[in-house]
Amino acid sequence: MRRMRVAAVCGAAVVTAVGGVAPAAGAPGAVRSAEAGLAYHGSAGIVGDRVDVRFTPHNRGAAAVPDSVVRIRWSQPLEEGQLLPARCAPEGDRAVRCRVGPLGAHDTGERIGLRVRLREAPTEVLLEFDPVGSDGTVDESRAAAERQRVLVLDTGDTYYF
């Protein structure tokens, strides 16, 4: 009996580690739902008042995302009336939302490229990438776990994240 319990616990740990579904603690036979894990990898650079950002969305989680959007916030205000890619739209004076689209479990989306102008030429800018829910809102509990921050200095270098 003791060996079977150890095997069951170890089996549940292995299933969870590889992204499967394991019984929830304290509830025999209960199933815990899988979650998505969004991340964005790419590069950013500043030249004067222009910021170039290119990134690829990744879902590292075990659950698919039917439709995803990312909000990119800049620590500096953006110039008004900019031409953005068709899948992106301004949000206020410091953010842009870009539609990523559906992402399967452990999937990679299409690369997105932006070139924005800031109102002034800063020596540095902080970019924050937040996942946005399908209803258009930012789930702060999820965003805190999946938020990515990238500090880009006006050195002429490209910063990778």
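Strand β1 (residues 38–47) is largely enclosed by the rest of the structure, because 8 of its 10 residues are buried. Buried means under 20% relative accessible area, exposed means over 50%, and partly exposed lies in between (1.4 Å probe, protein chains only). Strands (E, at least two residues) and helices (H or I, at least four) are DSSP runs, numbered from the N terminus.

The model is predicted: local features need pLDDT of at least 70, side-chain atom pairs count only at pLDDT 80 or more, and totals for chains, interfaces and linings use all residues. Residues are numbered from 1 along each chain as its sequence is written, and side-chain values use heavy atoms, with hydrogens and water left out.

Two strands pair if DSSP finds at least two bridges between them. The pairings of β1 are antiparallel, with β2 over 10 bridges and with strand β10 (residues 159–160) over 2 bridges. Ser43 takes part in both pairings: its bridge partner in β2 is Arg54, and in β10 its bridge partner is Tyr160. The hairpin of β1 and β2 has 2 residues between the strands, and Gly48 there takes a positive phi near 65 degrees.

Strand β2 covers residues 50–59 and includes Thr56. Thr56 counts as buried because its relative accessibility is 18%. Contact means heavy atoms within 4.5 Å. Leaving aside neighbours within four places in sequence, Thr56 is in contact with Ala39, Tyr40, His41, Thr108, Gly109 and Arg111.

## Overall make-up

The protein has 2 helices and 10 strands. From the N terminus on, its elements run α-β-β-β-β-β-β-β-β-α-β-β. It has 161 residues, and buried residues make up 35% of them. Of the contacts with a separation of 6 or more, 66% are between residues 24 or more positions apart. The protein exposes about 9,400 Å², and carbon and sulfur atoms supply 54% of that area. Accessible areas come from the Shrake-Rupley method with a 1.4 Å probe; for residues, only the protein chains shown count as cover.

## The open sheet

An open sheet is formed by 5 strands in the order β4-β5-β3-β8-β9, with antiparallel pairing. β4 and β9 (148–153) stand at the edges with a single partner strand each, so one side of each is left without a neighbour in the sheet. From one strand to the next the twist averages 25 degrees. For such angles, axes are lines fitted to C-alpha atoms (for helices over the stretch in contact), and the angles run from 0 to 180 degrees between N-to-C directions. Within this order, strand β3 (residues 65–74) and strand β8 (residues 124–132) pair over 6 bridges in the antiparallel sense. Arg71 has Asp130 as its bridge partner in β8.

## The disulfide

A disulfide is a pair of cysteine sulfur atoms within 2.5 Å. By this rule there is 1 disulfide. It joins Cys88 to Cys98, with an S to S distance of 2.1 Å. The pair links Cys88 in strand β4 (residues 88–91) with Cys98 in strand β5 (residues 95–103), 10 residues apart. The link is right-handed, with 110 degrees about the S-S bond. Both Cys88 and Cys98 are buried.

## The nonpolar core

A nonpolar core is a set of buried Ala, Val, Leu, Ile, Met, Phe, Trp, Tyr and Cys residues joined through side-chain atoms within 4.5 Å. The largest one has 28 residues, and Val51, Val53, Phe55, Trp74, Val96, Leu127 and Phe129 have the most contacts inside it. At least two residues of this core come from each of β1, β2, β3, β5, β7 (112–117), β8 and β9. Apart from neighbours within four places in sequence, Val53 is in contact with residues including Ser43, Trp74, Ile112, Leu127 and Phe129.

| Residue | Relative accessibility | Class |
|---|---|---|
| Thr56 | 18% | buried |
| Arg115 | 48% | partly exposed |
| His106 | 53% | exposed |

Arg115 is found in strand β7. Its contacts, leaving aside neighbours within four places in sequence, are Arg50, Val51, Asp52, Gln82 and Leu83. The C-alpha atoms of Arg115 and Gln82 are separated by 9.1 Å, and the two residues are 33 residues apart along the chain.

His106 lies in the loop between β5 and β6 (107–108). Although His106 is not a glycine, it has a positive phi of about 55 degrees.
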